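Reader: I am new to protein models. Could you show me how to read one, feature by feature?

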Amino acid sequence: MKFYHYPHCPFCQRVRLALAYKGVEYEDIVVSYADIDTPTSLIGVKMLPIIDFGDGTVMAESLDLVAELDRRFPDPALYFSETNADLAWASRAIMSIPGWFDVTLPHYLEAYADFGEFDEAGTKYFQEGKEAKRDVTFEQLKAVAPERYEATIRPALAAIAEKLNEGFVGESFSAADCVLAADMFGITLVPGIELPAGIKNYIESVEGVCGETLL
Ligand SMILES: N[C@@H](CCC(=O)N[C@@H](CS)C(=O)NCC(=O)O)C(=O)O
């Protein structure tokens, strides 16, 4: 089984946590962010994460992959009766916060500089693509990050921390936690901001349960 991923990518991190939780053995394939051919030859577009299960099944889409991993490797289970509503909530909770990516994106390059995806071409592809899409430079985004964090992200994270109340999304650890912790992780890379109480502990406890660190 082969796992193709970008180490910085929250969608890939969702799957990485699920793989680790289940103790599944796999070939770890870090793809350069500038490598168009590898993902395109597997699924027709440049998008990760992808798993080649080695039996003719090649799949993308993080939520589908987590579900498929649970089907193929049921023990320990990641899905319970309440998981679907929790997962639906978790999969939107972070990514729907206005400004989330503007604040986190510029910091991935330094944090993940040594993981293989941000080689020279990968760094250029990532930075130029994201800057062009937003019509703003990473330096400009970094300069306004603390202000934007205060305006939209800190209040949203505080509400999430209150909902978690020092526990997991549901009654016990589930797929929703792989998704929520992975999606949140990027904010821990942003200097000069203060995270609401409980957020860092939550991410660390998910990493601990899975036995995987996201950086
Ligand atoms: N809906 C997909 C989204 C995956 C996705 O957006 N991956 C990004 C990396 S974070 C990607 O491959 N981007 C390629 C590019 O922008 O060149 C999932 O949940 O897996």
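Predicted model: local features only at pLDDT ≥ 70, side-chain atom pairs only at ≥ 80, totals over all residues.

Reader: Which domains does the assignment give?

Author: Domain bounds come from an automatic or database domain assignment. Here they are domain 1 (2–72) and domain 2 (83–210), with C-alpha centres 19 Å apart. Their contact (C-beta atoms, placed from the backbone, within 7 Å) takes 18 residues from domain 1 and 25 residues from domain 2.

Reader: Which residues touch the most other members of the largest nonpolar core?

Author: A nonpolar core is a set of buried Ala, Val, Leu, Ile, Met, Phe, Trp, Tyr and Cys residues joined through C-beta atoms within 7 Å. Buried means that 20 or more other C-beta atoms lie within 10 Å of a residue's own, placed from the backbone. Among the 57 residues of this core, the answer is Ala-18, Cys-178, Leu-180 and Ala-181. The core draws at least three residues from each of domain 1 and domain 2. Leaving aside neighbours within four places in sequence, Ala-181 is in contact with Leu-17, Tyr-202, Ile-203 and Val-206.

Reader: Which residues are around the ligand?

Author: A residue counts as near if its C-beta atom, placed from the backbone, lies within 6 Å of the molecule. Those around the ligand include Tyr-6, Cys-9, Phe-11, Lys-46 and Glu-61.

Conventions. Residues numbered from 1 in each chain as written. Buried ≥ 20, exposed ≤ 12 C-beta atoms within 10 Å, placed from the backbone. Contact = placed C-beta atoms within 7 Å.
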